[in-house]
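Subject: Structure handover

Hello,

Here is the structure I promised to pass on. My notes follow below it.

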Amino acid sequence: MNIWVDADACPAVIKEIIFRAATRSETLTTLVANHTMRIQPSPWIKFQQVPHGFDVADNKIVAQCEKGDLVISSDIPLAAEAIEKGAIVLSPRGELYTEANIKARLTMRDFMEGLRNSGVDTGGPNALNQADRQAFANQLDRYLTQNKPNKI
């Protein structure tokens, strides 16, 4: 099992949780982004930079993830594609996306996008708070405990 991180939109505080968990559990973790970023030195943490462009990082993650991998992203279409390949997806707010709930999330996302495109101000997500960070850390720890990671 590997962890793939949609790193362009992943909050720094969530990346820090990911780094600690990857090192502690010795789980190969790859951050994918279209801009350079600093990552802590670790044999368990890798970075892949992709060219700028719409969904380039998402497409790279989907192309590389495999059944049993964990993808960390708040991007619902990316989550749906990763789940089709057999991956599990965890949002930075600690919500686990699975086959059981992704269709409803995708439908709601498309509905809200339609409202925004028609001029309705739907607002944005609330700021990430301590409860969100704790929910994410708990879900990540639970997942890593239940799934044996691939060793380097």
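Buried means under 20% relative accessible area, exposed means over 50%, and partly exposed is in between (1.4 Å probe, protein chains only). This is a predicted model: local features need pLDDT of at least 70, side-chain atom pairs count only at pLDDT 80 or more, and totals for chains, interfaces and linings use all residues. Residues are numbered from 1 along each chain as its sequence is written, and side-chain values use heavy atoms, with hydrogens and water left out.

Sheet and helices

Helices (H or I, at least four residues) and strands (E, at least two) are DSSP runs, numbered from the N terminus. Two strands pair if DSSP finds at least two bridges between them. The model has an open sheet of six strands. Its order is β3-β2-β1-β4-β5-β6, and the pairing is mixed. β3 and β6 (96-97) stand at the edges. Each has a single partner strand, so one side of each lacks a neighbour in the sheet.

β1 (residues 3-6) and β4 (residues 70-72) run parallel and are joined by three bridges. Ile3 stands opposite Leu70 in β4. Helix α2 (residues 56-64) packs on the sheet and touches β1, β2, β3 and β4. The direction of α2 makes about 170° with that of β1. Axes here are lines fitted to C-alpha atoms, for helices over the stretch in contact, and angles run from 0 to 180 degrees between N-to-C directions. Helix α5 (residues 130-146) lies across β1, β4, β5 (88-90) and β6. It runs at about 155° to β5.

Which residues of α2 are buried? They are Ala57, Asp58, Ile61 and Val62. They cover an arc of only 135° around the axis, which puts them on the same side of α2. The arc is that of the directions from the helix axis to the C-beta atoms. These buried residues pack against β1, β2, β4 and α3 (76-84).

Cores

A nonpolar core is a set of buried Ala, Val, Leu, Ile, Met, Phe, Trp, Tyr and Cys residues joined through side-chain atoms within 4.5 Å. The largest has 23 residues. Those with the most contacts inside it are Ile3, Val5, Ile18, Leu70, Phe136 and Leu140. β1, α1 (12-25), β2, β4 and α5 each supply at least two residues of this core. The largest share, six residues, comes from α1. A second, separate core of 18 residues includes Trp4, Leu78, Ala79 and Val89.

Contact means heavy atoms within 4.5 Å. Leaving aside neighbours within four places in sequence, Ile18 is in contact with Val5, Cys10, Thr29, Ile72, Phe136 and Leu140.

Loops and cysteines

Pro11 sits in the loop between β1 and α1. It is partly exposed, at 26% relative accessible area. Beyond neighbours within four places in sequence, Pro11 is in contact with Pro92 and Leu128. Pro11 and Pro92 are 81 residues apart in sequence, yet 7.6 Å apart in space, C-alpha to C-alpha.

Asn34 lies in the loop between β2 (29-33) and β3 (45-49). Asn34 is buried, at 17%. With neighbours within four places in sequence left aside, its contacts are Asp8, Gln49, Val50, Pro51, His52 and Gly53.

A disulfide is a pair of cysteine sulfur atoms within 2.5 Å. By this rule the count is zero. For Cys10, the nearest cysteine sulfur is that of Cys65, 16 Å away. Cys10 is buried at 6% relative accessibility. Cys65 is also buried, at 1%.

Best wishes
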